[in-house]
Amino acid sequence: MNSAADIWVSVVQLLERELTPTAVSTWFGDTEAIDLVEDKIVLCVPTPFKRDVIVSRYLPALKKVLFDLFAADLEVLVLTKADADAYKSQGDRRNENVLMGSEEFTFDHFVVGSSNQFAYNAALHVADNPGKSYNPLFIYGESGLGKTHLLYAIYHTIHRDHPDYSIIFIKGDEFTNELNEAIRTKTTDAFRQKYRDKDLLLVDDIQFIAGKEQTQEEFFNTFNNLYEAGHQIVLTSDRPPSEMARLENRLQTRFEWGLLVDIQPPDYETRCAIIKNKAIMLGLELPNDVIEYIAQNITANVRQIEGTVKRLLAYRDLMGQNVNDENVGRAIRELIHARDEYIPSPEIIVEETAKYYSMDSKAILGASRMKDIVLARQVSIYLIRSITNLSLPEIGKVFNQHHTTVMHSLEKIEGEIKKNRELSEIIRDIKSNINSRGY
């Protein structure tokens with residue numbers, strides 16, 4: 001694994017072919033590479049004058065040798081020591097854009113009940129003792145039950161208690177997309193450096209790496225590197241590893257090395273507590289009979305429970321309406337109706353299919369006959385037909401195909417599903433992503 005400093009040695013060697021020895025020695029002799037991430041290299045120089053000269057005179061030469069080295073255009077950021085110190089202080093929090101707005105998702109705000117107490121206690125223990133036990137911690141359960149909340153809570157606790165820790169939070173499909181981009185731009189060394197020098201790795205929806213050969217290989221090595229170094233790994237999924245048909249056996253084994261905990265739908269008492277807690281956080285006073293009414297009518301999903309409370313708040317603040325039985329009933333009916341009646345557009349279905357297969361939507365909508373694109377196109381057609389109300393001719397217009405071609409795609413996928421469990425899992429995962437956009 002090459003660090004930014006190691007790569008800088010190669011850059012300087014290439015610069016010596018482009019510039020005079022004096023120029024290289026004068027302007028780059030005391031230059032340090034402090035970071036290499038995605039499509040950017042970050043350099044540190046001792047003075048503002050040297051920074052200005054490098055940027056004004058030598059940036060083209062730098063970009064040329066970087067292109068020769070990576071076969072890709074990299075940005076060059078040149079910092080003075082003071083700026084570099086500030087950059088380094090932010091470095092361990094590069095992924096905080098993912099965590100922005102998650103401040104409310106702490107252990108204090110997590111409502112504990114019989115359905116989630118084991119998962120809560122395990123997450124709290126890991127947050128208090130990262131890397132000491134329960135490594136990895138694997139939390140699984142249906143969507144909307146609090147798995148991501150616990151990930152955020154672990155992050156906030158460890159970040160508070162160990163401000164020097166380097167932490168990364170990512171979703172399973174984003175890990176795949178980043179790897180594909182790193183392979184395309186020949187920056188896999190930087191990709192590996194980004195993930196393998198962390199003190200804490202949090203991955204939400206790890207099930208989306210299953211079935212992707214290169215992603216599983218890379219995650220296997222990342223997992224081993226972090227585990228052997230005693231660094232904490234926490235994963236969430238909508239199912240246990242044993243039910244991921246396309247997950248490699250060696251990854252299943254490693255995911256089961258630590259502690260597996262599940263979260264079930266909340267019971268009545270827990271639902272009441274969640275409603276009351278959310279209302280207090282939003283500054284909304286709900287009578288007990290209203291709380292009980294919501295808890296009796298929304299039973300399976302914490303997000304829907306919280307969504308109902310937010311709707312009541314909107315009625316009060318935006319429309320000046322009181323919280324009463326009529327408005328509570330309307331809020332519940334609207335939320336359930338919106339969820340039950342959610343029909344994604346063909347564009348959303350194609351987009352989520354393309355994202356799963358790590359390709360552009362335009363490729364699926366195009367006329368390419370490449371095997372992987374044809375499969376993704378057929379899966380998109382199958383999903384559109386099964387989820388929406390579009391007719392075969394209408395689906396054909398989306399893909400610029402005759403309805404008989406659409407029918408052939410449907411028959412092809414329907415036949416494969418009956419004998420190919422892996423394809424069934426893929427369609428299940430894509431449907432899950434599509435439906436999550438309806439919340």
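A salt bridge is a side-chain nitrogen of Lys or Arg within 4 Å of a carboxyl oxygen of Asp or Glu. This tour uses a predicted model, in which local features need pLDDT of at least 70 and side-chain atom pairs count only at pLDDT 80 or more, while totals for chains, interfaces and linings use all residues. Residues are numbered from 1 along each chain as its sequence is written, and side-chain values use heavy atoms, with hydrogens and water left out.

**The whole chain**

Show the whole chain first. Its secondary structure comes to 21 helices and eight strands. Helices (H or I, at least four residues) and strands (E, at least two) are DSSP runs, numbered from the N terminus. Of the 439 residues, 48% count as buried; buried means under 20% relative accessible area, exposed means over 50%, and partly exposed lies in between (1.4 Å probe, protein chains only). The accessible surface comes to about 21,200 Å², and 48% of this belongs to carbon and sulfur atoms. Such areas come from the Shrake-Rupley method with a 1.4 Å probe; for residues, only the protein chains shown count as cover.

**The sheet**

Next, select the five strands that form an open sheet in the order S5-S6-S7-S4-S8, with parallel pairing. Two strands pair if DSSP finds at least two bridges between them. At the edges are strand S5 (167–171) and strand S8 (259–262), each of which pairs on one side only. From one strand to the next, the twist averages 15°.

Five bridges join S5 to strand S6 (residues 200–204), and the two run parallel. Select Ile168 and you will find Leu201 of S6 opposite.

Axes are lines fitted to C-alpha atoms, for helices over the stretch in contact, and angles run from 0 to 180 degrees between N-to-C directions.

S4 and S8 run parallel and are joined by four bridges; Phe138 stands opposite Leu260 in S8.

**The salt bridges**

The structure holds 18 salt bridges. Select three of them in turn.

- Arg160 and Asp161: their side chains meet at 2.8 Å, N to O. Arg160 is exposed, with a relative accessible area of 59%, and Asp161 is partly exposed at 38%.
- Asp429 and Arg246: the closest N and O atoms of this salt bridge are 2.7 Å apart. Asp429 lies in helix H21 (residues 421–436) and Arg246 in the loop between S7 and helix H11 (249–255), so the pair ties together parts that are 183 residues apart in sequence. Both residues are buried.
- Lys419 and Glu416: the side chains meet at 3.7 Å, N to O. These residues are separated by about one helical turn because they are three residues apart in helix H20 (residues 403–419). Lys419 is exposed at 67% relative accessibility, whereas Glu416 is partly exposed at 21%.

Finally, select Asp238, Arg239, Arg246, Glu425 and Asp429 together. Salt bridges that share partners join these residues into one network.
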